[in-house]
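Please examine the sequence and the structure before reading on.

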Amino acid sequence: MQLPDEAITYDYHGLLIPTREEWTPAAELRQQHFLSPAKIKDLLPRLNQVRSQVAAERELRLVPPELEPVHAGFIDLPQKLLDQERKAGPRSLLGRIQATAQQFREQVDRVVILGIGGSYLGARALFDALKHTYHNELPPKDRSGVPRIYFEGNNVDNDALHDLFELLQLTCVDPETREERWGVVVISKSGETLETAAAFRAIRREMAEFYGSHSPRLKQLLLPITGFGKPAKEGKPAEPSKLRQLSLADGFSDEEIFPIPDDVGGRYSVFTAVGLVPAALMGLDVRALLLGAAAMTRRFLDEPFERNPVLQYAAVNYLMTTQCHKPIRVLSIWSKKLEALGWWYDQLLAESLGKEGLGATPLTAVGTRDLHSRGQQHQEGARDKVINNLIVKSPRHPPIMIGMADKNQDDLNQYNRKGLPDLLAAALRGTNQAYADAVRPTADLVMPMLSEHAMGQLMQMLMLATVVEGRLLGVNPYGQPGVEAYKRNMKALLKS
Ligand code: PA5
């Protein structure tokens with residue numbers, strides 16, 4: 001069960017216009033750039049209506065053409081997967097994922113995960129947030145049987161892929177030794193994304209070279225994850241996704257291919273096999289992830305605005321964009337382990353709401369690192385930004401202290417009783433104060449710690465808030481028609 005002190009909170013009071021304030025130049029600026037509490041109050045009826053609409057979309061079996069696409073399956077999925085596991089145990093999807101990951105981990109010491117966009121960023125965010133920062137460099141015994149993880153197929157970069165192959169060739173010589181064996185997870189919902197497909201073809205060649213072209217390991221050490229493809233329609237038979245077709249040709253049965261439900265869109269798919277298989281391979285607690293996500297869905301559906309971070313985040317950010325003229329939304333992350341989470345949110349926001357000339361532009365910044373690059377602009381540049389701090393309350397490890405030193409030329413002895421968490425807290429408070437003094441609207445999204453449960457809550461919260469914001473804006477948060485144009489052109493150019 002979720003304990004109160006594990007809950008994620010959103011504190012936006014710092015960007016509200018104070019109720020009674022004497023005229024000063026700063027107060028004047030606040031009138032223009034901060035949010036009036038009355039605007040939030042006025043939005044509440046519409047917000048509750050949107051919550052009911054989003055909740056109702058979960059039940060849609062047949063989507064009316066004007067609403068298409070609706071991919072609301074992600075909302076209830078975490079709880080459904082947990083319930084299914086309780087009933088069916090090892091035969092459930094979660095049971096199968098955990099068993100397969102366990103077998104895979106026993107077989108290989110390196111896993112290459114291929115995928116792009118929604119088929120990459122969620123797993124990458126979980127890896128960076130929850131695994132040791134230098135996981136791949138740790139000796140095997142300190143990785144507790146968890147393989148090294150590499151992400152590829154998320155770009156078209158000849159030299160980067162070459163370097164990965166070179167690394168594998170240099171370090172993996174004997175396929176009979178577990179420490180030198182590697183495997184592949186290939187993830188694509190459509191099953192035909194060129195970046196992933198091209199990398200997969202190349203890596204299959206590498207695999208065949210290493211294990212031998214008839215080795216059973218070519219199948220044993222490969223995990224395909226893909227959608228079902230096009231359903232039968234108007235007399236035309238169903239057409240499995242290309243990756244599914246290829247996997248079937250490789251001897252996988254449909255049951256052996258991990259599915260991606262039709263009603264879950266790519267960037268909303270982190271709690272399908274897309275994120276859960278990599279998470280299980282990384283040795284993460286997938287149940288805790290899902291428990292966190294399911295708890296957030298319940299809060300979204302049941303809690304009033306005052307205790308509902310999904311509604312608060314959606315409302316405040318929607319109003320900042322549309323009423324306070326803040327087209328740039330900065331996610332200012334106070335832990336470098338969450339930078340990839342920021343990239344994941346960049347995609348979520350940009351692809352979901354960047355439509356019909358609308359939608360805020362996401363920007364990920366990492367504190368304190370980017371105070372030394374973007375800080376100047378956030379403090380004094382164009383007043384076009386709202387800053388959402390993402391704060392992790394407690395570090396996972398004991399504080400590294402400044403301590404006393406014989407040579408005090410750096411003048412740090414005065415802080416000898418302070419640790420790095422104290423420095424970070426002071427930097428955060430100092431920055432918030434500086435932004436408040438300069439009338440730069442800032443809010444705090446606070447997570448208790450970096451844990452599976454907290455990441456589950458956070459990712460589900462941001463996905464739900466994005467859908468709510470889309471409905472407030474009047475754009476469909478699902479689908480990404482604008483991405484198709486470059487794909488069409490690229491394929492046409494390659495054929496010509
Ligand atoms: O959100 C989306 O649907 C996209 O970003 C996809 O995740 C991305 O294009 C990858 O697609 P696929 O999983 O079909 O390879």
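## A buried arginine

In which helix is the place of Arg244? Arg244 belongs to helix H9, residues 242-249; helices here are DSSP runs (H or I, at least four residues) and strands are DSSP runs (E, at least two), numbered from the N terminus. The model is predicted: local features need pLDDT of at least 70, side-chain atom pairs count only at pLDDT 80 or more, and totals for chains, interfaces and linings use all residues. Residues are numbered from 1 along each chain as its sequence is written, and side-chain values use heavy atoms, with hydrogens and water left out.

Arg244 counts as buried because its relative accessibility is 4%. Buried means under 20% relative accessible area, exposed means over 50%, and partly exposed lies in between (1.4 Å probe, protein chains only). The side chain of Arg244 makes a polar contact of 2.7 Å with the side chain of Asp254. A polar contact is a pair of N or O atoms within 3.5 Å; within protein, one must be able to donate a hydrogen and the other to accept it, and residues adjacent in sequence count only if both atoms are side-chain atoms.

## The ligand and its surroundings

The shell around the ligand holds 13 residues, of which Ser119, Ser188, Ser190, Thr193 and Gln347 come nearest; a residue is near if one of its heavy atoms lies within 4 Å. By class, the shell has one nonpolar, nine polar and three charged residues. In this classification, Ala, Val, Leu, Ile, Met, Phe, Trp, Tyr, Cys and Pro are nonpolar, Asp, Glu, Lys and Arg are charged, and the others, Gly among them, are polar. Domain 1 (9-67 + 302-482) and domain 2 (77-231 + 239-284) both contribute residues to this shell, so the ligand lies between them; the domain bounds come from an automatic or database assignment.

Oxygen atoms of the ligand lie 2.6 Å from a polar side-chain atom of Ser188 and 2.7 Å from a backbone N or O atom of Lys189. A side-chain N or O atom of Gln347 is 2.6 Å from an oxygen atom of the ligand. The protein covers 91% of the 380 Å² of accessible area that the ligand has on its own, as computed by the Shrake-Rupley method with a 1.4 Å probe.

## An open parallel sheet

Five strands form an open sheet with parallel pairing, in the order E3-E2-E4-E5-E6. The edge strands, E3 and E6 (258-259), each pair on one side only. Two strands pair if DSSP finds at least two bridges between them.

Strand E2 (residues 110-114) has five of its five residues buried, so it is largely enclosed by the rest of the structure. Arg110, Val112 and Leu114 are buried on one side of E2, and Val111 and Ile113 on the other. E2 pairs with E3 (residues 148-152) over five bridges. Within this pairing, Val111 has Ile149 as its bridge partner, and Leu114 stands opposite Glu152.

Most residues other than glycine have a negative phi, and most peptide bonds are trans. His325, however, has a positive phi near 60°. This residue is in the loop between helix H12 (309-322) and strand E7 (328-333), and His325 counts as exposed because its relative accessibility is 58%.

Val439 has a positive phi near 55° and lies in the loop between helix H15 (420-437) and strand E10 (442-447). Val439 is buried, with a relative accessible area of 2%. The peptide bond from Gly367 to Thr368 is cis, with omega near 0°; Thr368 lies in the loop between strand E8 (361-366) and helix H14 (375-380).
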